[in-house]
Amino acid sequence: MALFEAQTRKRYGIPGICPIPVSGGELSWVDLIVSEAKQNMQAKVPVTATQNRIRQIKSSIKRLADEYLVMRNVGEPGNRFPLMLLHESGVAHPERRDYLIPDYYDGARAVITLPVQFFTNGWVYVLTDSEIRMYLILKHLAARFREDHLLQGVYIAERDREWLYGLSRDVYEAHLTLTRFGLIELTSNPLRHRDGKVVDFEIFLKRGGVIPPHRFKVVGDSPFFESPVGKVRRALLNYPPSWDQMTRGVRQANQGMSDL
């Protein structure tokens, strides 16, 4: 969210101190961040939902500061603008401290783009961290191998998945949900069933067959132009998870839409 704020405030260059306070004023991080903050009036010192959300935001800023991704408490201790982005590498060297907004140009393959509707329509809150991470990796692969992506889709070999992207098997499985939400397409493969399982798996292995990797195509930005609630509901109805997972997913989607 901080990267989104910086890149919508300036097109390129160093963004400097974020002008948005944690709370108060016409716009604050309390207004921008969706979180399940509840009041606790039974505590020794009663805490409101807003106070809990402020605590969550400050805790997040501290965590980012611990990783050298942001500088907090910029300027005076009482400064109400406590956030400034640092370099994405998280390296605490003075010459690499400032965050530089990338100057995207046509044909650039090192930059992953997302439409503003990814944030303004609430997709950033509906998708899990694993799903967002998997989607960004597929976007990166699509940019690196454009012709392959257009013709037959891209894939992630196990070695690249582990060593290049640091992607666990569980996070990789997030492609199932991304497909059901209509954000990516799983290209058809005669050696696999529609659910991805290999046809006649045991016979296939006995014959010494090499299991073909999943290939994916990123649909594009158009799905983000709509509210995610309808797509999420349809996906949950067509592919119902456990009851706990389903109620949690619907609650998160509704919470995100109501807060936005």
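A salt bridge joins the side chains of Lys62 and Asp66, with an N to O distance of 3.1 Å. The model is predicted, and its salt bridges number seven. Side chains of opposite charge can pair when their charged atoms come close. The points below describe several of these pairs.

**Within helix 3**
- Lys62 and Asp66 are both part of helix 3 (residues 49-66), where four residues, about one turn of the helix, separate them.
- Lys62 is partly exposed because its relative accessibility is 39%, a value between the limits of 20% and 50%.
- Asp66 likewise counts as partly exposed, at 43% relative accessibility.

**The Arg63 and Glu67 pair**
- Arg63 and Glu67 form a salt bridge in which the closest N and O atoms are 3.7 Å apart.
- Glu67 has a relative accessible area of 40% and is therefore partly exposed.
- Arg63, with a relative accessible area of 55%, is exposed.

**A link between parts separated in sequence**
- Asp221 and Lys139 meet through their side chains in a salt bridge of 3.7 Å, N to O.
- Asp221 belongs to the loop between strand 4 (216-218) and helix 12 (229-238), while Lys139 belongs to helix 6 (residues 129-144), so this pair ties together parts 82 residues apart in sequence.
- Asp221 is partly exposed at a relative accessible area of 27%.
- Lys139 is buried because its relative accessible area is 16%, which falls under the 20% limit.

Notes:
Residues are numbered from 1 along each chain as its sequence is written. This is a predicted model: local features need pLDDT of at least 70, side-chain atom pairs count only at pLDDT 80 or more; totals for chains, interfaces and linings use all residues. Side-chain values use heavy atoms; hydrogens and water are left out. A salt bridge is a side-chain nitrogen of Lys or Arg within 4 Å of a carboxyl oxygen of Asp or Glu. Helices (H or I, at least four residues) and strands (E, at least two) are DSSP runs, numbered from the N terminus. Buried means under 20% relative accessible area, exposed over 50%, partly exposed in between (1.4 Å probe, protein chains only).
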